[in-house]
Amino acid sequence: MLENTDKDTSTSSAMRLWIDYFYKKENRYSTGFTTFDNALEGGIEPGTVTAFSGQPGTGKTALLVQIANTIVNNGNDVIFISSDMNTAQLFDISYKQELYRIKKAEDDLSPVSDSRSEKAKSPEEVAEDIVRRCDPHLFIIGKDKWSASIEEIPGIVEDQHAFRPVIFLDYLQDFHSDTLPKIVTPKEVVEYAIRMINDLPSAYDATVICSCAINRENYNTTMQINAIRDSSQHDYKLENIVGLQFHGAERVGFSYEEAMNVSERNMDLVILKQRRGPAGIRIQYHFIGKYVTFEEKTGGDKQPEKISPVSFSDTDEYTESKLDYLYEGFEDYLWKKN
């Protein structure tokens, strides 16, 4: 345990830590998905690192952009760094998702705030609305604006002068290093990237959300942590790990190629690990390809599916495991701060 050399200073420091801890617990970032937020006990916790993993074509980047837009719309700073798409492509995803929001508002007969109907807005006006709403909170750095070097990321973050930013990194397997020897394997590069990513929250008072690939041999299996490609460190270096998978991928006869070519498809989001909560929760989504948008299929009041063997039950084991997560996380947090 930590040694207390000054009682007053130690007490004051402990109080600050508790205040900071509960601030992060109570001021989580909503993902925009009610069921997912509830499974995360309110949303993504500030100061954590969360990874979204999945096969190519499952929509990882689109999902990250959708979550980023929600966080920005709630008044928070977001830095979106992509090695997979250029800046124009990322903005195009935001544009299509905004068109879907407008369409859904019309279908629901929702009131509009402007004197003109949103239905009457031109494409240029929709784009201007996105820029106006996001500025000055959203910073997009597509693959056309950087070299995908891991060592560049801290400098990019510093250049944006963002306040408590949520940093999106899309995606890990595309990163390379300018300092590691050229003979290192892709696995060693990813593990090096994960170590660097884990330093970002403390260095910039930031929260990190990243995307990564899974092994090809796991395309048609139930999503598990060991399916994540090129690293053995995901399971203990990252606080939260989420898998995105085609619904029914583990069934006999499922064709990944056919599923990828369907514009509207059902998807499963599986919480593989939570540092401070239960894992093994599966939530169903509907992906609308025309608008590059995800919608939860379960309602806010409906419980998401729990899968075995990694799911927790409503027993003493659940409570004890949850407390273990909290204690372990807070103990690590104390050591980091001191």
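1. Let's start with a pair of strands. Strand E8 (residues 281-288) and strand E9 (residues 293-296) pair in the antiparallel sense, over 4 bridges. Two strands count as paired if DSSP finds at least two bridges between them; strands (E, at least two residues) and helices (H or I, at least four) are DSSP runs, numbered from the N terminus. His286 stands opposite Glu295 in E9. The two strands form a hairpin with 4 residues between them, and in the turn Val292 has a positive phi of about 50°.

2. A word on what you are looking at. This is a predicted model, in which local features need pLDDT of at least 70 and side-chain atom pairs count only at pLDDT 80 or more, while totals for chains, interfaces and linings use all residues. Residues are numbered from 1 along each chain as its sequence is written, and side-chain values use heavy atoms, leaving out hydrogens and water.

3. How confident is the predictor? The score for this is pLDDT, given for each residue from 0 to 100. The protein chain has a mean pLDDT of 79, and 74% of its residues reach 70 or more. Over residues 1-7 the pLDDT is below 50, and this stretch has 5 contacts (heavy atoms within 4.5 Å) in the model beyond near neighbours in sequence.

4. Now to helix H6 (residues 153-160), whose buried residues are Ile153, Ile156, Val157 and Gln160. Buried means under 20% relative accessible area, exposed over 50%, and partly exposed in between (1.4 Å probe, protein chains only). Because these residues cover an arc of only 100° around the axis, they lie on the same side of H6; the arc is that of the directions from the helix axis to the C-beta atoms. Among the elements covering them are strand E2 (78-82) and helix H7 (186-204). Just after H6, His161 takes a positive phi of about 50°.

5. The largest nonpolar core has 80 residues, and those with the most contacts inside it include Phe36, Phe52 and Ile153. Such a core is a set of buried Ala, Val, Leu, Ile, Met, Phe, Trp, Tyr and Cys residues joined through side-chain atoms within 4.5 Å. Residues that Phe36 touches include Phe52, Ile283, Tyr285 and Glu296.

6. Which cysteine sulfur is nearest to that of Cys210? The structure holds 0 disulfides (pairs of cysteine sulfur atoms within 2.5 Å). For Cys210, the nearest cysteine sulfur is that of Cys212, 5.8 Å away, which is too far for a bond. Cys210 counts as buried because its relative accessibility is 0%, and Cys212 is buried at 0% too.

Definitions and conventions. pLDDT is the predictor's confidence in each residue, from 0 to 100. Lists of a residue's contacts leave out its neighbours within four places in sequence.
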